[in-house]
Amino acid sequence: MRTCRASAAGKLTVVLATIVVLAGCGGGPSPRAWAASVCGALTPWRLEINKLTSSTDEQMTAQTTPAQAKENLVRLFDGAEQASEAARRKVEKAGIPETDNGEAISVGFRSSLGKMRDAYGRARDTIDGLGTGEPTVFYDGVRAAVETLNKEYDASALDTSKLNSEELKQAFDEVPECR
């Protein structure tokens, strides 16, 4: 009798596991749920980037020593890199929206954030490698690093023309998290 019960329990476990796996393979989040998750990830990221950009501008005009400016800029760009990666992970966690081209759209968002993250990291590394003995040389190097960052940042922008989902456009327009 015990053998039959154990066998039946084992089969039931396999059936339940299969149902759970198959349920997990179903569709992703609805366009509205996905848009809400993405905007929930991007809104704090955007605020942080704006704050860091203002701080960077202040550092470029502040009356600090090159060593102080270097330390502050390295910290600012490191923060931007970390904020971009946190947003990328949240978008990844949002899953793939249940819509036409959902996977390509999700990949596009994550790729764009990854490129921005990398651009901030390269700017941080470039500035971290600058010497501070000659202020003019240092600030010229900072300007060059920021110009490169701006170009890379612009190039990493998401090309929404290829990600045309009317459902997602409507969702981004309607969900409160995106306003």
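This is a predicted model: local features need pLDDT of at least 70, side-chain atom pairs count only at pLDDT 80 or more; totals for chains, interfaces and linings use all residues.

Biologist: Why is Ser106 called buried?

Modeller: Buried means under 20% relative accessible area. Ser106 has 0% relative accessibility, so Ser106 counts as buried. Ser106 is found in helix α4.

Biologist: What does the side chain of Ser106 reach, and what makes that a polar contact?

Modeller: The side chain reaches the backbone oxygen of Gly95 at 3.3 Å. The cut-off for N or O pairs is within 3.5 Å, so the pair qualifies. Beyond four places in sequence, Ser106 touches Trp34, Gly95, Ile96 and Pro97.

Biologist: Which residues touch the most other members of the largest nonpolar core?

Modeller: Trp34, Trp45, Phe77 and Ile127, out of 33 residues in that core. Helices α2, α3, α4 and α5 each give two or more residues. The most come from α3, with 9 residues.

Biologist: What is Ile127 in contact with, leaving aside neighbours within four places in sequence?

Modeller: Ile127 is in contact with Lys70, Leu73, Val74, Phe77, Val142 and Ala145.

Biologist: Now the charges. What makes Arg124 and Asp78 a salt bridge?

Modeller: A salt bridge needs the side-chain nitrogen within 4 Å of a carboxyl oxygen. Arg124 and Asp78 meet at 3.0 Å, N to O, so the label holds. The pair links distant parts of the chain: Arg124 lies in helix α4 and Asp78 in helix α3, 46 residues apart.

Biologist: Are these two partners buried or partly exposed?

Modeller: Arg124 is at 15%, under the 20% cut-off, so Arg124 counts as buried. Asp78 is at 26%, between 20% and 50%, so Asp78 counts as partly exposed.

Biologist: Which other salt bridge does Arg124 form?

Modeller: The side chain of Arg124 also meets that of Asp125, at 2.9 Å, N to O. Asp125 has a relative accessible area of 45%, so Asp125 is partly exposed.

Biologist: How do you know that Glu48 and Lys51 form a salt bridge?

Modeller: Their closest N and O atoms are 3.4 Å apart. That is within 4 Å, so the pair counts. Both residues lie in helix α2, 3 residues apart, about one turn of the helix. Glu48 is at 25%, so Glu48 counts as partly exposed.

Biologist: How many salt bridges does the structure hold?

Modeller: It holds 14.

Notes: Residues are numbered from 1 along each chain as its sequence is written. Side-chain values use heavy atoms; hydrogens and water are left out. A nonpolar core is a set of buried Ala, Val, Leu, Ile, Met, Phe, Trp, Tyr and Cys residues joined through side-chain atoms within 4.5 Å. Buried means under 20% relative accessible area, exposed over 50%, partly exposed in between (1.4 Å probe, protein chains only). Helices (H or I, at least four residues) and strands (E, at least two) are DSSP runs, numbered from the N terminus. Contact means heavy atoms within 4.5 Å. A polar contact is a pair of N or O atoms within 3.5 Å; within protein, one must be able to donate a hydrogen and the other to accept it, and residues adjacent in sequence count only if both atoms are side-chain atoms.
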